[in-house]
Amino acid sequence: MSAVSTSRASTNGAARVDVAVVGAGVVGLGVALAAVRRGLRVVVLERGSEASGASIRNFGHLCATPQTGLARSYAQVAREVWLDLARDAGVWMREQGTLVVARAADELALLEEFAASRARDGAPDEVVLLTARELEQRAPVAPGLAVGGALLPLDLQANPRQALGAITAHLAGRGVDLRFRTAVGAVEPGLVRTARGEVRADQVVVAVNHDIDLLFPEVAGRVGIVRCALDMLRVEAPLRMPLPAPLLTGWSLVRYGGFVETSAAVAVRDRLRAERPDLAALDLNQMYTQLPDGTLIVGDTHARGETVSPFQVERTAELMLAETAELFGLGAGAMRVVERWQGVYASGPDDYLDVEVAPGVHLAAATTGIGMTTGFGLAEAVVARFADGAQTEPTTTTTTDQEARILA
């Protein structure tokens with residue numbers, strides 16, 4: 001039986017659950033998981049026939065190590081949840097860490113500074129510095145291109161397209177009532193109005209990422225949440241060896257909080273912008289993951305606005321493919337594009353939207369591109385607050401505003 005079918009009746013005879021979750025992406029499913037683990041009755045409401053948003057349009061990179069502040073805390077919690085789901089739900093998982101290639105002396109200096117800072121924090125095992133030869137032995141970069149690199153051993157990789165389905169099936173098996181093709185029109189304390197009728201719940205968590213402005217436009221406007229669109233590709237590429245882990249580049253070093261906090265980050269950022277203003281204009285994060293079928297995910301760019309254009313400029317793909325060919329030492333025409341897509345996620349001035357807008361009505365979203373990495377940690381914090389009486393306060397700020405610092 002589903003969680004709803006066994007739930008108690010409310011005063012007007014309608015079924016009532018403990019927790020109603022709006023949205024079946026990573027954060028929404030994480031809320032459902034955290035709630036059902038506590039023995040709560042849960043219903044998940046999703047307007048689509050399956051999750052098709054930011055939670056499946058990403059690299060699957062669970063990049064915990066470079067996070068800082070609250071994001072780092074959430075990433076550490078989420079890492080354990082992902083490992084549990086790999087065991088319990090059959091989520092495909094790669095536990096080979098993250099590789100970082102340094103192609104210039106300032107990039108290597110940044111990695112050395114980052115490693116030293118983590119050692120001072122009592123986490124020396126989080127960063128392993130690599131020589132150029134060691135990096136080339138681990139990653140299929142072009143010989144002679146790297147001056148060094150690093151391994152971040154604790155990071156993970158999932159396959160988003162497989163993971164979301166496996167987690168959904170796992171939750172259904174645990175009694176969560178999953179209602180797809182159920183659009184939500186309004187949320188108020190104790191009540192969710194949907195296209196298929198009313199749902200009554202003691203607690204409601206709205207986890208719809210960038211679509212928060214459709215249900216709570218005043219909150220989105222006040223906080224400053226917009227949409228961030230990404231250009232991404234999946235390609236067949238004749239790499240000289242498999243890519244065993246996600247691969248970051250110098251463009252990644254000016255994105256993630258732990259890297260950005262180093263004194264060397266400014267020099268890396270300024271050099272990259274001066275050398276390649278065309279790529280800087282795309283707000284590039286040049287990184288890669290390889291899927292189980294051997295294809296390579298290539299990306300990604302960033303463009304922000306209340307509405308983002310659905311039209312992708314082919315020149316952007318050409319630039320990303322040219323950078324890929326150079327990095328891996330591939331000849332012209334060696335790659336074949338299998339898929340192109342646009343990712344979209346919520347972007348705000350802080351890492352998270354986490355507010356209680358009315359009694360028992362919570363809004364939860366990662367408002368940078370770290371939902372896969374930290375979303376389960378955010379979900380756990382939200383549920384712990386109302387289910388366990390945890391004393392943490394809902395917040396829309398973090399100790400590190402990553403993207404604002406990067407773009408400054």
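1. Glutamine 203 has its place in strand 12, which runs over residues 197–206. The model is a predicted one. With a relative accessibility of 18%, glutamine 203 counts as buried, because buried means under 20%. Its side chain is in polar contact with the side chain of histidine 362, at 2.7 Å. Neighbours within four places in sequence aside, glutamine 203 is in contact with Asp18, Val19, Ala20, Gly360, His362 and Phe386.

2. The aromatic pairs come next. What is the count of aromatic pairs? The count comes to 5. One of them joins tyrosine 74 and tyrosine 352, whose ring centres are 5.1 Å apart and whose planes stand at 70 degrees, an edge-to-face arrangement. Tyrosine 74 belongs to helix 2 (residues 69–88) and tyrosine 352 to strand 19 (residues 352–358), so this pair ties together parts that are 278 residues apart in sequence. Both tyrosine 74 and tyrosine 352 are buried.

3. Is the pair of tryptophan 82 and phenylalanine 376 stacked, edge-to-face or tilted? The ring centres lie 4.8 Å apart and the planes meet at 50 degrees, so the pair is tilted. Tryptophan 82 is in helix 2 and phenylalanine 376 in helix 13 (residues 371–387), and the pair links these distant parts of the chain, 294 residues apart. Tryptophan 82 is buried, and phenylalanine 376 is buried as well.

4. Phenylalanine 376 comes up again at glycine 30. Glycine 30 is part of helix 1 (residues 26–37). Its relative accessibility is 5%, so glycine 30 counts as buried. Apart from neighbours within four places in sequence, glycine 30 is in contact with Phe376 and Ala379. Between the C-alpha atoms of glycine 30 and valine 141 there are 36 Å, and these two residues are 111 residues apart along the chain.

5. Two further arrangements involve rings. Phe114, Tyr256 and Phe259 make up one aromatic cluster. Elsewhere, the charged end of arginine 161 sits over the ring of tryptophan 341, at 5.3 Å from the ring centre.

6. Glycine 343 is located in strand 18 (residues 336–347). Glycine 343 has a relative accessible area of 1%, which means that this residue is buried. Leaving out neighbours within four places in sequence, the residues in contact with glycine 343 are Arg57, Cys228, Ala229 and Leu230. Serine 52 is 291 residues away from glycine 343 along the chain, while their C-alpha atoms are separated by 9.9 Å.

7. After helix 12 comes glycine 329, with a positive phi near 65 degrees.

8. Which residues of helix 12 are buried? They are Thr316, Ala317, Leu319, Met320, Leu321, Glu323, Thr324, Ala325, Leu327 and Phe328. For reading such a list, recall that an α-helix has 3.6 residues a turn, so residues three or four places apart point the same way.

Technical notes:
Residues are numbered from 1 along each chain as its sequence is written. This is a predicted model: local features need pLDDT of at least 70, side-chain atom pairs count only at pLDDT 80 or more; totals for chains, interfaces and linings use all residues. Side-chain values use heavy atoms; hydrogens and water are left out. Rings of Phe, Tyr and Trp (its six-membered ring) pair if their centres lie within 6.5 Å; planes under 30 degrees apart count as stacked, over 60 as edge-to-face and the rest as tilted. Helices (H or I, at least four residues) and strands (E, at least two) are DSSP runs, numbered from the N terminus. Buried means under 20% relative accessible area, exposed over 50%, partly exposed in between (1.4 Å probe, protein chains only). A charge sits over a ring if NZ of Lys or CZ of Arg is within 6 Å of the ring centre and within 35 degrees of the ring normal. A polar contact is a pair of N or O atoms within 3.5 Å; within protein, one must be able to donate a hydrogen and the other to accept it, and residues adjacent in sequence count only if both atoms are side-chain atoms. Contact means heavy atoms within 4.5 Å.
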